[in-house]
Amino acid sequence: MKKRRIHTGHLLIAVLVLLAMLGGAVYYLQQLTVKKPVIAVDAGHDDTYPGYEGYVREADYTLGVAEQLYRMLDQDSRFEAVMVRSAGESLTVRERAARIEAAHADIVISIHANASSDPGFSGMRIAVRPADEDSRILADAAAQRFADAGWACPVGYEYYVPVREGVNEVVFTEEAGEGQGPAIMEACEAPMIIFEGIYVTSPEDTQHWTGDDGYAEAADLLYQAVKGVYGK
Ligand SMILES: [Zn+2]
């Protein structure tokens with residue numbers, strides 16, 4: 001009799017251990033199969049294509065914000081963060097687009113800046129692709145975060161309009177129209193927002209939004225917007 005009781009106890013423990021292991025395995029498999037939203041962070045310029053020059057190079061600004069945003073997303077287990085190009089890499093628009101497509105990005109956040117011959121021009125904006133619901137939702141969420149922090153950040157569409165032979169001007173409009181959009185937006189189909197965080201020619205913008213603190217402040221507001229939309 002004594003012997004049998006001990007065996008029953010062992011059996012019960014063995015069953016419980018097995019159940020716990022099974023539960024663990026099921027949980028592990030669920031974690032493997034639940035697809036996390038893929039957020040691609042695109043530093044819109046590099047040393048070969050540095051973009052606008054001003055108090056800061058557009059390439060340096062875009063990398064500064066992109067690296068901070070990537071770090072925040074990468075540390076958040078809810079997201080699969082992808083850095084389209086890293087420091088020191090030079091990629092054509094077509095190569096960046098290929099990486100974005102290969103990553104099957106759910107959304108791309110492409111970081112850029114503006115420039116003007118007038119140093120008084122300042123401010124930020126977000127461009128989206130016409131009729132792209134996903135990008136509009138994230139753009140509006142980001143604009144709201146910036147607005148809550150006291151910064152106007154309109155959302156709209158951008159078109160490149162030839163002003164004279166070989167020279168295009170960017171037109172930002174809140175009405176969707178027809179025309180050549182930003183290069184990276186034309187080169188891939190993934191939902192995308194283009195965040196233009198500063199005028200590189202504005203002393204005011206560059207003073208506030210460049211350097212580690214400035215980059216981190218912009219990156220954090222973008223990260224908060226991603227969490228609000230994709231962090232379910
Ligand atoms: Zn740019």
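Ala131 sits in the loop that runs between strand 4 (125–128) and helix 4. The model is a predicted one. Start at this loop residue, then follow the chain into the helices.

Ala131 has a positive phi of about 65 degrees, yet it is not a glycine. Most residues other than glycine have a negative phi. Is Ala131 buried or exposed? Ala131 has 8 other C-beta atoms within 10 Å, so it is exposed. Look next for Pro162. It lies 31 residues from Ala131 along the chain, and their C-alpha atoms are separated by 24 Å.

A second residue has a positive phi. His104 is not a glycine, but its phi is about 50 degrees. Where does His104 lie? It is in the loop between helix 3 (93–102) and strand 3. His104 has 12 C-beta neighbours inside 10 Å, so it counts as exposed. Glu178 is 74 residues from His104 in sequence. In space, the two are 27 Å apart, C-alpha to C-alpha.

Now turn to helix 7. It covers residues 211–230, which makes 20 residues. From its first C-alpha to its last it reaches 28 Å. That is close to the 28 Å expected at 1.5 Å a residue. Which residues of helix 7 are buried? They are Gly214, Tyr215, Ala218, Ala219, Leu221, Leu222, Tyr223, Ala225, Val226 and Tyr230. Several elements cover them. Among these are strand 1 (38–43), strand 3 (107–114) and strand 7 (192–199). Helix 2 (58–74), helix 4 (133–148) and helix 6 (203–209) also take part in the cover. An α-helix has 3.6 residues a turn, so residues three or four places apart point the same way.

Take helix 4 as one of these partners. The axes of helix 4 and helix 7 come within 8 Å and cross at roughly 130 degrees. That angle makes helix 4 oblique to helix 7. The crossing of helix 4 past helix 7 is right-handed. On the helix 4 side, the contact uses Ile137, Leu138, Ala141, Ala142, Arg145 and Phe146. On the helix 7 side are Leu221, Leu222, Gln224, Ala225, Val226, Gly228 and Val229. By class, this contact of helix 4 with helix 7 has 10 nonpolar, two polar and one charged residues.

How many of the 17 residues of helix 2 are buried? The count is 14, so helix 2 is largely enclosed by the rest of the structure.

Helix 2 and helix 7 pack at an angle of about 45 degrees, with their axes 8 Å apart. The two helices are therefore oblique to each other. Helix 2 also passes helix 7 in a right-handed crossing. From helix 2 come Gly64, Val65, Gln68, Leu69, Met72 and Leu73. They meet Tyr215, Ala216, Ala218, Ala219, Asp220, Leu222, Tyr223 and Val226 in helix 7. The contact of helix 2 with helix 7 has 11 nonpolar, two polar and one charged residues.

End with Asp74, which lies in helix 2. Asp74 has 15 C-beta neighbours inside 10 Å, so it counts as partly exposed. Asp74 and Ile39 are 35 residues apart in sequence. Their C-alpha atoms are 9.4 Å apart in space.

Notes: Residues are numbered from 1 along each chain as its sequence is written. This is a predicted model: local features need pLDDT of at least 70, side-chain atom pairs count only at pLDDT 80 or more; totals for chains, interfaces and linings use all residues. Helices (H or I, at least four residues) and strands (E, at least two) are DSSP runs, numbered from the N terminus. The expected span of a helix is 1.5 Å times one less than its number of residues. A residue is buried if 20 or more other C-beta atoms lie within 10 Å of its own, exposed if 12 or fewer, and partly exposed in between; C-beta atoms are placed from the backbone. Two residues are in contact if their C-beta atoms, placed from the backbone, lie within 7 Å. Axes are lines fitted to C-alpha atoms, for helices over the stretch in contact, and angles run from 0 to 180 degrees between N-to-C directions. Angles under 35 degrees count as roughly parallel, over 145 as roughly antiparallel, 65 to 115 as roughly perpendicular and the rest as oblique. A crossing is left-handed if the near helix is turned anticlockwise from the far one by less than a right angle, and right-handed if clockwise. Ala, Val, Leu, Ile, Met, Phe, Trp, Tyr, Cys and Pro count as nonpolar, Asp, Glu, Lys and Arg as charged, and the others, Gly among them, as polar.
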